[in-house]
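The structure is shown first, and the notes follow.

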Amino acid sequence: MDKELIEKIIKFRDDRNWSQFHNPKDLAISISLEAAELLELFQWNNSQETMENNYQELQDELADILIYCTLMADKLDIDLDEAVKKKLEKNQKKYPVEKSYNSKEKYDQL
């Protein structure tokens with residue numbers, strides 16, 4: 001993630017003295033709640049309808065999730081770029097192209 005963007009997120013939090021409220025449990029809850037708000041946009045619609053009718057809201061909810069993930073990573077001293085790289089390496093082993101290409105099966109079913 002762009003370092004400047006991370007700094008803006010942290011500054012927004014720090015300018016309001018909110019770090020005191022951002023413990024890992026509450027940040028995890030916030031991530032889950034924002035993800036539920038994203039999911040709610042799709043309720044009773046197909047994907048196309050949601051994208052056409054709620055595009056700005058989709059952006060907002062994804063941004064909220066990313067912001068809370070950034071704040072949690074900061075609180076836990078996790079480098080998100082490194083964490084994502086490591087996770088992609090794990091996923092490449094779990095889902096090799098020759099087995100997973102064009103398949104929706106979980107890795108233990110390939």
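Glu-82 has a relative accessible area of 38% and is partly exposed (buried is under 20%, exposed over 50%, and partly exposed in between, with a 1.4 Å probe and protein chains only). The side chain of Glu-82 forms a salt bridge with that of Lys-85, at 3.9 Å from N to O; the term requires a side-chain nitrogen of Lys or Arg within 4 Å of a carboxyl oxygen of Asp or Glu. Lys-85, at 48% relative accessibility, is also partly exposed. Both residues belong to helix H5 (residues 80-94) and are 3 residues apart, about one turn of the helix. Helices here are DSSP runs of H or I with at least four residues, numbered from the N terminus.

The model is predicted: local features need pLDDT of at least 70 and side-chain atom pairs pLDDT 80 or more, while totals for chains, interfaces and linings use all residues. Residues are numbered from 1 along each chain as its sequence is written, and side-chain values use heavy atoms, leaving out hydrogens and water.

A second pair lies in helix H1 (residues 3-15), where Asp-15 and Lys-11 are 4 residues apart, about one turn of the helix. Their side chains meet in a salt bridge of 2.7 Å, N to O. Asp-15 counts as exposed, at 52% relative accessibility.

## A salt bridge between helices

Across the whole structure, a search finds 6 salt bridges. One of them joins the side chains of Arg-13 and Asp-74 at 2.9 Å, N to O. Arg-13 is in helix H1 and Asp-74 in helix H4 (residues 55-76), so this pair ties together parts that are 61 residues apart in sequence.

Arg-13 is buried, with a relative accessible area of 6%, whereas Asp-74 is partly exposed at 37%. Arg-13 and Asp-74 also belong to a network of salt bridges together with Asp-14.

## Packing of H1 on H4

Two packed helices are described by the angle between their axes and the distance between the axes. For H1 and H4 the angle is about 85° and the axes are 10 Å apart. Axes are lines fitted to C-alpha atoms, for helices over the stretch in contact, and angles run from 0 to 180 degrees between N-to-C directions. H1 and H4 are therefore roughly perpendicular (65 to 115 degrees; under 35 is roughly parallel, over 145 roughly antiparallel, and the rest oblique).

On the H1 side, Ile-6, Ile-9, Ile-10 and Arg-13 meet Ile-67, Thr-70, Leu-71 and Asp-74 of H4; contact means heavy atoms within 4.5 Å. By class, this contact of H1 with H4 has 5 nonpolar, 1 polar and 2 charged residues. Nonpolar covers Ala, Val, Leu, Ile, Met, Phe, Trp, Tyr, Cys and Pro, charged covers Asp, Glu, Lys and Arg, and polar covers the others, Gly among them.

## Packing of H2 on H4

H2 and H4 pack at about 165°, with axes 9 Å apart. That makes H2 roughly antiparallel to H4. Residues making the contact include Leu-38, Leu-41 and Phe-42 of H2 and Leu-58, Leu-62 and Ile-65 of H4. The contact of H2 with H4 has 16 nonpolar, 1 polar and 6 charged residues.

## Surroundings of Phe-42

Phe-42 is in helix H2 (residues 24-42) and is partly exposed, with a relative accessible area of 29%. Leaving aside neighbours within four places in sequence, Phe-42 is in contact with Ser-47, Thr-50 and Leu-58. Phe-42 and Asn-54 are 12 residues apart in sequence and 9.0 Å apart in space, C-alpha to C-alpha.

Technical notes
Helices (H or I, at least four residues) and strands (E, at least two) are DSSP runs, numbered from the N terminus.
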